[in-house]
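Dear colleague,

I am passing on the structure below, together with some notes on what was found in it. Please read them with the coordinates open beside you.

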Amino acid sequence: MDRLSRLLLASTMLLAISGSASAQDGPVADPLRSGLEGALRGCEIWVLDPSSWLNDPARFLAAIDLGGAVFETESLPEPLLPPEPFRRANRYWRINVGPNEGYALVVSRDIPMCHITGGGGVDFQPAAEAVAASPDVSDRWERIGEERQGGMVSTFFRLRKEPKLALVLSRADEPGARRDRPQVIVTVTYDLGR
């Protein structure tokens, strides 16, 4: 019993110390938002700079900047895959942002595209909405339109420094949407025809 009391006291002290250190470091970043922002950075560099991944994905992964939360996998479940025309020479990445939450990032070695899906046991809508409206996104991406359909809102963007790069960011149109399907869907494509 005495040993249990000491273990509980040590655990409480450790939590108190780590809690005060976190409070001093400032607000903790939202992992849902950080994960989506990292995936978007990864999409940009994958499509615009193939040298970042051609022989070694180190620069691509550094652009995502999420450390050990990103790992490559051999496949993904069907609901996380991009539309059929983009399913060629794909590589698949997972970005963990919580115990049961994450993003799937699908890229192609043949097609200048990137596809992100996000979902899990928590509500992704507030984070996706915050990213869509963030100064970082609006500094880099020009908003060119929006559509609402079936409880989802899709915002269309064009990269300011390379207008041929288009982004569609779809998410629930309000918090608290269904969680039994992807809650965030992003597609980034480069228009080779213009």
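Ser-170 is buried in this predicted model, because its relative accessible area of 11% falls under the 20% cut-off. Ser-170 belongs to strand E7, which runs over residues 165–172, and its side chain is joined to that of Ser-154 by a polar contact of 2.6 Å. Once the neighbours within four places in sequence are set aside, the residues in contact with Ser-170 are Met-152, Val-153 and Ser-154, together with Gln-183, Val-184 and Ile-185.

The other part I looked at is helix H2, residues 31–48, where the end C-alpha atoms are 26 Å apart; this agrees with the 26 Å that its 18 residues should span at 1.5 Å a residue. At the start of H2, the backbone nitrogen of Leu-32 has a side-chain oxygen of Asp-30 within 3.0 Å. Leu-32 is itself buried, and the buried residues of H2 also include Leu-36, Leu-40, Cys-43, Glu-44 and Trp-46.

How does H2 pack against helix H4, residues 125–132? The two helices meet at an angle of about 50°, with their axes 8 Å apart, which makes H2 oblique to H4, and the crossing is right-handed. On the H2 side, the residues that meet H4 are Leu-32, Arg-33, Leu-36, Glu-37 and Leu-40, while H4 contributes Ala-127, Ala-128, Ala-130 and Val-131.

Conventions
Residues numbered from 1 in each chain as written. Predicted model: local features only at pLDDT ≥ 70, side-chain atom pairs only at ≥ 80, totals over all residues. Heavy atoms only, no water. Helix = DSSP H or I, 4+ residues; strand = E, 2+ residues; numbered from the N terminus. Expected span 1.5 Å × (residues − 1). Buried < 20%, exposed > 50% of the residue type's maximum accessible area, 1.4 Å probe, protein only. Polar contact = N/O pair within 3.5 Å; in protein donor to acceptor, adjacent residues only side chain to side chain. Axes fitted to C-alpha atoms, helices over the stretch in contact; angles between N-to-C directions. Parallel < 35°, antiparallel > 145°, perpendicular 65-115°, else oblique. Left-handed = near helix turned anticlockwise from the far one by under 90°. Contact = heavy atoms within 4.5 Å.
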